[in-house]
Amino acid sequence: MATLKDVKVGSSAVVTKLTGTGAIKRRIMDMGLTKGTEVYVRKVAPLGDPIEITVRGYELSIRKDEAENVEVA
């Protein structure tokens, strides 16, 4: 299954599942990344971490290790 980390810059995806546990999963959900939410990848930092996305009308930076816990379609 593809994760948010795999989405290319300029592409959109829909969150299908959150795979983290405990505090990591809660943090991701608190940022607005829940099942069925559409995300747009705006840019990636020069060294690849973090990833800047647009979700629910605001810009959000998320680390790659957190993005691996967000499955998308």
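The legends below describe close-up views of a predicted model of one protein chain.

**Figure 1. Overall fold of the protein chain.** The protein chain contains two helices and five strands. Read from the N terminus, these elements follow the order β-α-β-β-β-α-β. The C-alpha atoms occupy a box of roughly 30 × 25 × 20 Å along the principal axes. The radius of gyration is 11 Å, which agrees with the value near 11 Å for a compact globule of 73 residues. Of the 73 residues, 37% count as buried. Among contacts between residues at least 6 apart in sequence, 57% join residues at least 24 apart.

**Figure 2. The five-stranded sheet.** The five strands form an open sheet with antiparallel pairing, in the order β4-β3-β2-β1-β5. Strands β4 and β5 are the edges, each pairing on one side only. On average, neighbouring strands of this sheet are turned by 45° against each other, direction ignored.

**Figure 3. Strand β1 and its pairing with β2 and β5.** Strand β1 spans residues 12-18. Strands β1 and β2 run antiparallel and are joined by three bridges. Ala 13 stands opposite Val 39 in β2. Strands β1 and β5 also run antiparallel, and three bridges join them. In this pairing, Val 15 stands opposite Val 72 of β5. Lys 17 has Glu 71 of β5 as its bridge partner.

**Figure 4. Surroundings of Thr 3.** Thr 3 belongs to the segment before β1. With a relative accessible area of 13%, Thr 3 is buried, because the limit for a buried residue is under 20%. Leaving out residues up to four places away in sequence, Thr 3 touches Ala 67, Glu 68, Val 70, Glu 71 and Val 72.

**Figure 5. The largest nonpolar core.** This core has 18 residues, and those touching the most other members are Leu 4, Leu 33, Val 39, Ile 53, Ile 62 and Val 70. Strands β1, β2, β3 (51-55), β4 and β5 (70-72) each supply at least two residues of the core.

**Figure 6. Contacts of Ile 62.** Neighbours within four places in sequence are set aside in this view. Ile 62 is then in contact with Leu 4, Met 31, Leu 33, Asp 49, Pro 50, Ile 51, Ile 53 and Ala 67. Among these contacts, Leu 4, Leu 33 and Ile 53 are named with Ile 62 as core residues that touch the most other members.

**Figure 7. Salt bridge within helix α1.** The structure holds six salt bridges, one of which joins the side chains of Asp 30 and Arg 26 at 3.4 Å, N to O. Both residues lie in helix α1 (residues 22-30), and because they are four residues apart, about one helical turn separates them. Asp 30 counts as exposed, at 56% relative accessibility. Arg 26 counts as partly exposed, at 47%.

Figure 8. The side chains of Arg 27 and Glu 66 form a salt bridge at 2.7 Å, N to O. This pair links distant parts of the chain, with Arg 27 in helix α1 and Glu 66 in helix α2 (residues 64-67), 39 residues apart. Arg 27 is partly exposed, with a relative accessible area of 46%. Glu 66 is buried, with a relative accessible area of 13%.

Figure 9. Glu 59 and Arg 42 meet through their side chains in a salt bridge at 3.7 Å, N to O. Glu 59 lies in strand β4 (residues 58-62) and Arg 42 in strand β2 (residues 38-44), so this pair ties together parts 17 residues apart in sequence. Both residues are partly exposed: Glu 59 has 47% relative accessibility, and Arg 42 has a relative accessible area of 36%. A network of salt bridges links Arg 42, Glu 52 and Glu 59. In the sheet order, β3 stands between β4 and β2.

Notes. Residues are numbered from 1 along each chain as its sequence is written. This is a predicted model: local features need pLDDT of at least 70, side-chain atom pairs count only at pLDDT 80 or more; totals for chains, interfaces and linings use all residues. Side-chain values use heavy atoms; hydrogens and water are left out. A salt bridge is a side-chain nitrogen of Lys or Arg within 4 Å of a carboxyl oxygen of Asp or Glu. Buried means under 20% relative accessible area, exposed over 50%, partly exposed in between (1.4 Å probe, protein chains only). A nonpolar core is a set of buried Ala, Val, Leu, Ile, Met, Phe, Trp, Tyr and Cys residues joined through side-chain atoms within 4.5 Å. Contact means heavy atoms within 4.5 Å. Two strands pair if DSSP finds at least two bridges between them. Axes are lines fitted to C-alpha atoms, for helices over the stretch in contact, and angles run from 0 to 180 degrees between N-to-C directions. The radius of gyration is taken over C-alpha atoms; the globule rule is 2.2 Å times the number of residues to the power 0.38.
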